[in-house]
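Please look over the structure below before reading my points.

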Amino acid sequence: MTGWRRSSSSRPSIAVLRVRAVWTAAVAAGASLVAGCGVLPGDPGGSREPVTVMTFAPVDTPATNMPGMPSMAKAYARWAASRGGLDGHELRVLTCNSDNTPQGSAACARRAVQENAVAVVGSYSQHGSFMAPLEAAGIPFIGGFGISEEEFTSYLSYPVNGGQPALLAGNGQQLAGSCDGVALVRPDTLAGDDLSQLLNSGLRKGRSEARTADILAADDATDYTEQAGSARSRASEHPAGSTAPSERPGCVTAALGDRTETFFDSFRRLPDDGEEIRISSVMGSVGQPLVDRTGGRRGPFEGAYVTGWYPDAGDSRWDPMRKVITEHAFGDNTLDPADAGVQTTWIAYTVLEKAVRALGRDAVTPARLAHVLDQGLQVSTDGLTPDLRWGYEDMLGAPNYPRIVNSSVTFQVVRDGRLVAQHKDFVDVSQTLAARRAARG
């Protein structure tokens, strides 16, 4: 991933949804559609200017793919049209394939600038290269997936979750009372370098003596037998200084995005050594779709611990999103309501809508959107997250991720083939993140 691959998959693919409705006969007679654009029914009403935004994500790459995120954005635009737009504004959604490369992410951001987008919403990239073009144009980045460092450092980023930092810190807390040794398998990338320290912070918060064995792996490999063997061996070790037999199993947790399935396939193929090992992961690497396609209650993830940002997929708080998908996604099979990328995009567009309504202006600009968010607009997500605010006093302020405003996670477990809540309420990991900051000093 050192150069721009000049293939069709590496170039941004823009689909412009023109959510229009009642055209006059004279305009309709002479109108010709721009290539790649379509006309969907639904009149936003009034004379307010359209709002153009972009959602980008990697699609059809050898590593992590998030096609459900742009698909959710398109469905949201159709739903907005059916309700008269966003506060009377037609919502136009640009989608772009970031190709899981720094070049692709930056290209999507530059296209957002060229197309006069007022925000980038609900997008995914592990490469922070998209942020510089957006900052230069003053375009806010609302509700990214939470995997790149820039999402939690840029003054124009408005995250809706605590990203990978919160997940790994929470995963440590979740495992602290259940595991003896712990091994983490994570990407050998810049984004992955911090994960073992975060997991250790969570273990310490849970008063565990375990220390994380940090196992590096390529995020686009097709076999992880070597890493699986190393992880099982390290997870079976007793904590340093412990001589008494342990009544708790070792735990292997993996955070490899799409390749987490490949890793655990390699893991289950290891010869039996008699050691009891429990498996674990975080949302975005393991979710209900993966549990389903690997056998459900008879699959390898039965009993696995999973740390997420939001309520489990079966929670009734997701019903409005499910309804939108059913009525406006037209059978798009990339749109799974249990997918964390889809869920994050839904929440990000909820923020966008409420920010536009709070403005109450005929014209929405990037600067106006950023201003209303900076001034402490409080956004309710109907219980999918704690209420969100991005005022200075609402931010965590940790050096590596000062922009975190939502440091809550959920503890889930796979029971009878379903990811269900292990604990009913959100778990706040802000103290765990702060403890890690103090430990690094």
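1. Cys 96 is buried, with a relative accessible area of 4%; buried means under 20% relative accessible area, exposed over 50% and partly exposed in between, using a 1.4 Å probe and protein chains only. Cys 108 is buried too, at 0%.

2. The model is predicted, so local features need pLDDT of at least 70 and side-chain atom pairs count only at pLDDT 80 or more, while totals for chains, interfaces and linings use all residues. Residues are numbered from 1 along each chain as its sequence is written, and side-chain values use heavy atoms, with hydrogens and water left out.

3. Cys 96 and Cys 108 form a disulfide with sulfur atoms 2.0 Å apart (a disulfide is a pair of cysteine sulfur atoms within 2.5 Å). The torsion about their S-S bond is about -85°, so this disulfide is left-handed.

4. How many disulfides are there by this rule? The count is two. In the other pair, Cys 179 and Cys 251, the sulfur atoms are 1.8 Å apart. Cys 179 lies in the loop between α5 (163-176) and β8 (182-187) and Cys 251 in strand β10 (residues 250-254), so the link ties together parts 72 residues apart in sequence. Helices (H or I, at least four residues) and strands (E, at least two) are DSSP runs, numbered from the N terminus.

5. The largest nonpolar core has 126 residues. Such a core is a set of buried Ala, Val, Leu, Ile, Met, Phe, Trp, Tyr and Cys residues joined through side-chain atoms within 4.5 Å. Helix α11 (residues 340-359) gives the most to this core, with 11 residues.
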